[in-house]
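Please keep the sequence and the 3D view at hand while reading.

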Amino acid sequence: MTDPGGGAPSPDAYPVALRRRVGALGWWRSRTVRRCAFGYALLAPAVLYVALLVGVPFLFSLYLAVSNATVGDPVAEFVGLANFRAALESTTFYVALRNTVVFTVGAGVLKALLGTGLAFLLAQPFVGRRLVRGLVVIPFTLPIAISVLGWKWMFDSQFSVINWALSRLGLTGPYGSPDWPVWLGEPYLALLSVMFVNVWRGFPFSAIVLLAGLTSVPPEVIDSARVDGAGFFQRFRRIIVPMIAPILFIGTAFDTVFTLSDLSIVYLLTNGGPDGATEILPTLAYNTGIRAGALGRGAAISLFLFPLLAPAMVLLLRTLRRRQW
Amino acid sequence: MSASRPPAPSAPLGRREFLRTSAVGAAGGALMAMLDARRVPAQTRGTSLRILMWSHFVPAYDAWLDDFARKWGEKNGVRVRIDHIPHLELPARFAAEFAAGAGHDLIQFAGQIFTGQYHRHLVDLSDIAAALEKKYGKWMENAKSAAQVKGAWYGIPDFYIAIPVLWRRDLFAAVGLGEPQTWEDLRKAARLLKPRGHPTGMQFSHCNDANHNWRALLYCFGAKETDPSGEQIELDSQETREALRFAKALFDEGMTPEVFSWDDASDNRFLASGVGCWIHDAISAFRTTQDTNPRVFEHTYVVPEVAGPGGFKWNVGEPNVWAIWKFSKNPQAARDFIVYLADHQREAMEASRGYNMPFLSGHYRKPMPGLGNEPKLAVLQEQYKITAFFGFPGPMSPPAQEVLTTFLIPDMFTRVARGASIEDAMKWGLGEIRRVYAKHKAG
């Protein structure tokens, strides 16, 4: 009994007993197993990539965090939770923790609001829309060091173009007067400034993600809702958001990770100063672990990002999975 | 009778002793011969040498050094490549190279000194240090800890950056003041000149300048970071309190809040713009003013340092130290290059326009290149006598380095300037500093 096409007989063509034997001996030949194996083979590079580039460094940082490793002596002794205790004993750590939360939540909310607004604007038909869509992503595509140095100049205490413009418009006093803004010098202004640069750089990304979602919503659904009398906010809340929720969740997850672990903006603008006003966990970890050479304590500080990030990610991904199933 | 007798003076050398003596003699002889010949031995020919260092604040110096290294390489058959990167990125690069066990052959610690952290993985350069001292005079005592660990040299100090006072003679004269001699003179000038639109400024922020400027004030007021061994913290003193009190008054009377946002170059621009009446910074600010604002430059003068109330005068320099990884593929060429550069220290000083200050006393022969021929800068020719480094009077140890890189001392001053009480700032700062030292002591 061979199949009409020739070649190997199909297992379905055998009598039941023989089929059982074939099944017992060649289970791996079954279509399901082969499909599974093929699927895992396709997945393997991604899993390997995550394991090597995320898993291994994460495990290594766990090892460092419970050791007294220094930059010159990475093979070190086990010190238990001493590095975590050392971080918790430092007042600078609490300032950095507070700033990290404010920075991440504040910048995240602003990026969501501005990104949504921009996405709706870019979704409207207008002349030059393609060009504008290309231009708005420039902040996100520029090398971060270059764009942040540009902002550093714009926030300069003496030559800030923003201040000179504000002063010319009569909104602030002249250079040297008490109401001349010192963007990176006043504690709250400094934190706002670094958040602003993060928002400036990140909200085009939010807008593009949202725009991708918006374009996937069938126009007839929106038109029907409009005919039924739904206003803009009702359409947005009841139709658009539920339909593009998976994209929104993924975008939020990415943005939260990027913001929480953003070292460059703060490092280049203020290096955590003045007096810790802009210190965040990544800068504190870097200055302690790399610049001061205390790798163990630096790793412990950076691991405090994990409990901050993990619940948010679990919540987002669980919500996403529920919606998918 | 089993008692051993001491060897007679004429006893023949043992095999090991003979080999050790021969090796030391041969190495020393070769080094001295090389120093005299100013030429590297034949075994480095056809090799390559990779150097990692900072981007110098005087760009012309980098150009000179690149050319200098290229010519040395051509002469000796060594392909030389120098990578200049911003000084703040160096620590991460060192850590990455060390973790990988590969990278540059010759590295330079700039401002932040990692000799203590990495010494087990650096080549012992004691022979070069001794040979250079023999040739060019004594090493500066305060600088030895930048390169030495337990008496052995794991680095060779290249140069340090002096941080003098740069002041405007015309503005001082306008309020009836002459050359400042003390911190009190500087405070008075700032107090009188701020209302005229010419405040002063020192960084209350997280940058290198903040670290060395406030340390200079501390040391001039007689305060000490640690004892000479570097084991005991000695900041909890009346002198520290007086320095903080003075800083608060100096800020209130003579500065504007912009100093809270300054980076290392802000005060250079502040002086060059014609606004600042004085700043406390390296002579790169002097050169910037020379290049960008000749009118202001005409009235800008230099004082090596001003004295505190007890007459103490300590300038805080930034050391730059060469080191060679043990995993270097070409340690011999790296050693040869250090020696060759040390032999051309005077050319290097000239190329840096007086910015690079030497560590060896013999190089202070007047007139010093880059300084001696410029009347305004000639006052810096005895800077070695008043130069200290972070951790003073203790060594530049790993805990002192951590206190430096986490900006604890500038932050103490910032808190006081912003209105915190001196006792609160001291309590916070000392708590953090004690925690750092305790962690290092615990290992």
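In what order do the 6 strands of the open sheet in chain B lie? In this predicted model, the order is β2-β1-β3-β11-β6-β12, and the pairing of the strands is mixed. Because β2 (78–85) and β12 (356–357) of chain B stand at the edges with a single partner strand each, one side of each is left without a neighbour in the sheet. Within the sheet, strand β1 (residues 47–54) of chain B runs parallel to strand β3 (residues 106–110) of chain B, and 2 bridges join them. Ile51(B) stands opposite Leu106(B), a residue of β3(B).

Chain B as a whole contains 17 helices and 13 strands, and 59% of its 443 residues count as buried. Among the contacts in chain B with a separation of 6 or more, 76% are accounted for by residues 24 or more positions apart.

**The interface**

Chain A and chain B bury about 3300 Å² between them, with 49% of this area on carbon and sulfur atoms. Asp275(A), Arg291(A) and Arg297(A) supply 21% of the area that chain A buries against chain B, which is more than any other three residues. The contact draws 42 residues from chain A and 39 residues from chain B. Across this interface there are 25 residue pairs in polar contact, counting pairs with both residues at pLDDT 80 or more. On the side of chain A that touches chain B, at least two residues come from each of α3 (82–89), α4 (91–123), α7 (144–154) and α13 (281–291) of chain A, and the largest share, 5 residues, comes from α13(A). The residues on that side of chain A divide into 16 nonpolar, 17 polar and 9 charged.

Helix α13 of chain A also holds Thr283(A), which is buried with a relative accessible area of 0%. The side chain of Thr283(A) is joined to that of Glu279(A) by a polar contact of 2.8 Å, and, leaving aside residues up to four places away in sequence, Thr283(A) touches Leu263(A), Val266(A) and Tyr267(A).

**Salt bridges**

Side chains of opposite charge can pair when their charged atoms come close. Over all chains the count comes to 33 salt bridges, and 6 salt bridges are found across the interface of chain A and chain B.

| Pair | N to O distance |
|---|---|
| Asp275(A) and Arg415(B) | 3.1 Å |
| Arg70(B) and Glu74(B) | 2.9 Å |
| Arg287(B) and Glu374(B) | 2.9 Å |
| Arg269(B) and Asp156(A) | 2.8 Å |

Because Arg269(B) lies in helix α10 (residues 266–272) of chain B and Asp156(A) in the loop between α7 and α8 (161–168) of chain A, this pair joins two chains. Arg269(B) counts as buried at 18% relative accessibility, and Asp156(A) is buried as well, with a relative accessible area of 8%. Salt bridges that share partners join Lys152(A), Asp156(A), Asp263(B) and Arg269(B) into one network.

Arg70(B) and Glu74(B) both belong to helix α2 (residues 59–76) of chain B, where they are 4 residues apart, about one turn of the helix. Arg70(B) is partly exposed at a relative accessible area of 40%, while Glu74(B) counts as exposed at 55%. Arg287(B) counts as buried, at 5% relative accessibility.

Note on methods:
Residues are numbered from 1 along each chain as its sequence is written. Chains are lettered from A and ligands numbered from 1 in the order in which they are written. This is a predicted model: local features need pLDDT of at least 70, side-chain atom pairs count only at pLDDT 80 or more; totals for chains, interfaces and linings use all residues. Side-chain values use heavy atoms; hydrogens and water are left out. Contact means heavy atoms within 4.5 Å. Buried area is the accessible area (1.4 Å probe) that two parts lose on being put together, summed over both. A salt bridge is a side-chain nitrogen of Lys or Arg within 4 Å of a carboxyl oxygen of Asp or Glu. A polar contact is a pair of N or O atoms within 3.5 Å; within protein, one must be able to donate a hydrogen and the other to accept it, and residues adjacent in sequence count only if both atoms are side-chain atoms. Ala, Val, Leu, Ile, Met, Phe, Trp, Tyr, Cys and Pro count as nonpolar, Asp, Glu, Lys and Arg as charged, and the others, Gly among them, as polar. Buried means under 20% relative accessible area, exposed over 50%, partly exposed in between (1.4 Å probe, protein chains only). Two strands pair if DSSP finds at least two bridges between them.
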